[in-house]
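Open the model in your viewer and keep the selection panel at hand. The stops below go from strands to helices to the ligand.

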Amino acid sequence: KGCKLIGCGSAVPSLKISNDDLSKVVDTNDEWISVRTGIRNRRVISGKESLTTLAVKAAHKALEMAQVDVDDVDLILVCTSTPDDIFGCAPKVQKALGCARNPLAYDITAACSGFILGLVSAYCHIKAGGFKNVLVIGADALSRIVDWTDRGTCILFGDAAGAVLIQACDGEDDGLLSFDVHSDGEGYRHLNAALKENETDDELGSNGSVLGFPPRQASYSCLQMNGKEVFRFAVRVVPQSIEYSLAKAGLSASSIDWLLLHQANQRILDAVSTRLQIPSEQVISNLANYGNTSAGSIPLALDEAVRSGKVKPGHTIAAAGFGAGLTWASTIFRW
Ligand code: ACO
C-alpha cells in the first residue's frame, strides 16, 4: 500500500491583532517586530471560538477538497499542545465532525513539530494498520499559554488550525517519500510551558496532606523561551534533517518545488533556505499574517499555497517542523 495527500483546509480566528495593537500593551513597536521576525499580524481565538471549532472548520474543508465523506474517515490525529481538554481534543473534534462509525481519534503533542509527526504517524498507521482515510489536523492556540506581559514572546505567536486528508492507495508510489524525526530532551530548558513546582492548593488538595503526600493541583507556567538558543537550534538541525530526508528520497534540494517550514520567524526561513541553496521564490511564507501558529502553521501555509495555485498537483515539497521538546522532523511529500 502507498498513500497520497488529497485534500487540505485551514481556519483562523476572526480577531486580528497587529503589531501596533501589541505596542499598546507591551513596550514594543511594529519596526522591531517586523525586522526581527517578519510578523505583522496574528489571529487570536475569542468569544465562542475554540481549538475544536477551528479544527473542525479546517477538517471540513480538507474533506470537501478530497471528496471524502466524513463517515469514511477511519482515523483522526489532532496535533496540538493547547487542547480544549487535557485528556485530548481529537475525540471532541470527531464528535463535532459527526463521524458515525466512531473512528479512532487521539492527540499528538509535539509543539511545532506536531504536524509533521502527525503526517508520519498517519503514514505508519496506513502502512501497518490498514487505515484508509486519515485526517491529520494541526491546531494550536498558543495565545492560551503565552505571557501577554512578556514582549520577548507574546509578539511571536498566533492561533490557527490546518488539516490534510491522507488516503491509502494501491501501488508503491507513495505521496510521502521519506521522513526524519528527532527529539532532544536536553534542550527542553530552552523552550517549555512546564508544570509549576511546589504548588499547593489547600482547598482542593488538602486530603493529600492527610494521606501523606504533598497536596498539589496541576498548574502550568506560561511559555518560557530562550529565543537565541531556539534560533541557533533551528538553523542547525533543520537543514541537516531536510538534507537527510532528501537523500533518503533520492532527491537533491534543486529537485524540489517548494520548501515549507514551520512558520516561526522569517529569519529562520531565510537562514535555512540559504543553507540549502533553495531560492526565496520557492519558500512558502505566510507568517507576516499569522505569526507562529505552532502545529497549525505548516498545514495553514500549505492550504493557502494550494488554494492560491502556487502548489500544484505533482509538486514535491520539503517540509520541516521544529520546536519545544526540543523536537524536529522533516518529510518530503508529493502534493
Ligand atoms: N520589542 C522591542 N524590544 C524587544 C522586544 C520587543 N518585542 N523583545 C525583546 N526586545 C529587546 C530585548 O529586551 C533586548 O534589549 P536589550 O538589548 O536592551 O537587552 C533586545 O530587544 C534584543 O533582544 P533579544 O532577545 O536578544 O533579541 P533577538 O535578536 O534574539 O530576537 C527573537 C528575539 C525574535 C525571539 C529571536 O531570538 C528568535 O526569533 N528566536 C527564535 C524563536 C522562535 O522561533 N521560537 C519558536 C519556536 S517554535 C515552538 O515550539 C514554540
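How many bridges join β11 to strand β12? Select residues 316-323 for β12: four bridges join β11 to β12, and the two strands run parallel. Helices (H or I, at least four residues) and strands (E, at least two) are DSSP runs, numbered from the N terminus. Two strands count as paired if DSSP finds at least two bridges between them.

Before going on, note that this is a predicted model: local features need pLDDT of at least 70, side-chain atom pairs count only at pLDDT 80 or more, and totals for chains, interfaces and linings use all residues. Residues are numbered from 1 along each chain as its sequence is written.

**The sheet**

Then widen the selection to the open sheet, where four strands follow the order β8-β13-β12-β11 with mixed pairing. The edge strands, β8 (176-183) and β11 (258-261), each pair on one side only. From one strand to the next, the twist averages 10 degrees.

Next, go to the loop between β12 and β13 (327-334), where L326 is found. The peptide bond from G325 to L326 is cis, with omega near -5 degrees.

**The helix pair**

Select α8 (residues 227-248) and α9 (residues 266-276), whose axes come within 9 Å and cross at roughly 35 degrees. Axes are lines fitted to C-alpha atoms, for helices over the stretch in contact, and angles run from 0 to 180 degrees between N-to-C directions. Show the side chains at the contact: on α8 these include F231, V235 and I242, and on α9 they include I268, V272 and R275. Contact here is between residues whose C-beta atoms, placed from the backbone, lie within 7 Å. The contact residues divide into ten nonpolar, no polar and one charged. In this scheme Ala, Val, Leu, Ile, Met, Phe, Trp, Tyr, Cys and Pro count as nonpolar, Asp, Glu, Lys and Arg as charged, and the others, Gly among them, as polar.

In the loop between α9 and α10 (287-290), pick Q277. Phi of Q277 is near 55 degrees, a positive value in a residue other than glycine.

**The ligand**

Finally, select the ligand, which 23 residues surround, the closest being T28, C112, G227, A264 and G323. A residue belongs here if its C-beta atom, placed from the backbone, lies within 6 Å. Helices α2 (30-37), α6 (151-154) and α8 each supply at least two residues of the shell. By class, the shell has twelve nonpolar, eight polar and three charged residues.

Key:
Two residues are in contact if their C-beta atoms, placed from the backbone, lie within 7 Å.
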